[in-house]
Each structure stands twice: as structure tokens, then as C-alpha cells.
Amino acid sequence: MPTDLTNQLSELITPFIVALLMLVISLWFKDFATKIAKGLAFSLNKSFQEGDKVILDGERALIVKVGLTQTVFGITKSNGEWDGDYVWRYVPNERIPFLKLEKVVFDNTSIINEAKIKANKTKIDEHINADKTV
């Protein structure tokens with residue numbers, strides 16, 4: 001008699017356990033797929049490439065590595081206890097749209113950089129023309 005009750009109870013509970021397990025797996029996979037999609041979108045963005053100098057939330061940084069799920073920025077600390085230390089900041093790719101990220105075009109803009117500014121204008125024009133042809 002107890003065996004029959006156990007079998008009936010297990011037959012009743014098993015579908016709910018399987019459904020709950022499938023829900024957990026599908027939510028985990030959705031989050032993982034979102035992370036990879038955001039990583040691919042950032043890595044395919046021609047505006048930011050590995051080795052570019054950027055300003056990340058007000059700090060000068062260098063894009064060290066763009067991965068599938070996170071991007072590594074190299075930052076030289078400029079104040080406080082860690083002044084002069086070079087650190088890597090790991091940023092999940094899904095957080096990048098919420099950060100203030102600016103690309104450094106020139107280290108110093110002045111009259112001396114007129115040739116660089118003209119060359120950059122040519123690059124910008126080429127980039128715009130390339131986008132129009134796509």
C-alpha cells in the first residue's frame with residue numbers, strides 16, 4: 001500500500017519538477033545568449049577596437065581585450081592611494097551601454113596637431129562614405 005501511494009505521488013510531482021527544471025535552464029540560457037550577443041555587438045562595433053585609448057567614466061583607459069561576455073579596460077590610477085598603479089577593469093558587455101565611454105582621438109588638441117586633425121577629417125570622411133556604400 002505505501003508503495004502504491006509513493007508511485008502515485010511521484011507520478012504527480014515528476015511533471016512539475018521537470019517543468020521547473022526546464023524553466024530554470026531556459027532562463028539561464030537566455031541570459032547567457034544575451035551576454036554573448038552584446039559581446040558580439042560590441043566587438044563588431046568599428047568605433048571601438050582593442051588597443052584604442054578611451055575615457056571610461058571619467059578615467060583614461062585602454063581597451064585591452066574585447067571578449068564574448070566581458071571587456072577588459074586598462075586604467076592608470078591618477079589619484080588617491082593607488083596613484084600610478086595600472087589596473088585592469090573587467091566590465092560585463094551588457095553593462096557597457098550604461099557606462100560613459102568616449103574614444104580619445106588625440107592626446108592633446110592644439111595648433112601643433114593641425115596635420116593630425118586634417119588626417120582625422122579624411123578618416124572620418126572615408127568612414128562616412130564607407131557607411132553609405134553598405
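How many bridges join strand β1 (residues 53-56) to strand β2 (residues 59-66), and in which sense do the two strands run? Four bridges join β1 to β2, and the two strands run antiparallel. The model discussed here is predicted, so that local features need pLDDT of at least 70 and side-chain atom pairs count only at pLDDT 80 or more, whereas totals for chains, interfaces and linings use all residues. Residues are numbered from 1 along each chain as its sequence is written, and side-chain values use heavy atoms, with hydrogens and water left out.

**Strands and hairpins**

Strands are DSSP runs of E with at least two residues, helices are runs of H or I with at least four residues, and both are numbered from the N terminus; two strands pair if DSSP finds at least two bridges between them. On its other pairing, β2 meets strand β3 (residues 70-76) in the antiparallel sense over five bridges, where Ala61 has Ile75 of β3 as its bridge partner. β2 and β3 also form a hairpin, with three residues between them.

**Salt bridges**

The structure holds five salt bridges, a salt bridge being a side-chain nitrogen of Lys or Arg within 4 Å of a carboxyl oxygen of Asp or Glu.

| Lys65 | Glu50 | 3.7 Å |

Lys65 is partly exposed at a relative accessible area of 46%, and Glu50 is partly exposed at 41%; here buried means under 20% relative accessible area, exposed means over 50%, and partly exposed lies in between (1.4 Å probe, protein chains only).

Lys103 counts as partly exposed at 41% relative accessibility, whereas Asp52 counts as buried at 15%.

Asp57 is partly exposed, with a relative accessible area of 39%, and Arg89 is partly exposed at 28%.

**The surroundings of Arg89**

Arg89 has its place in strand β4 (residues 86-92). Leaving aside neighbours within four places in sequence, Arg89 is in contact (heavy atoms within 4.5 Å) with residues including Leu56, Asp57, Phe73 and Leu99.

**The nonpolar core**

A nonpolar core is a set of buried Ala, Val, Leu, Ile, Met, Phe, Trp, Tyr and Cys residues joined through side-chain atoms within 4.5 Å. The largest such core has 13 residues, of which Val54, Leu56, Phe73 and Leu101 touch the most other members. The elements that give two or more residues to this core are β1, β2 and β3, and the largest share, three residues, comes from β2. Leaving aside neighbours within four places in sequence, Val54 is in contact with residues among them Phe48, Ala61, Ile63, Phe73 and Leu101.
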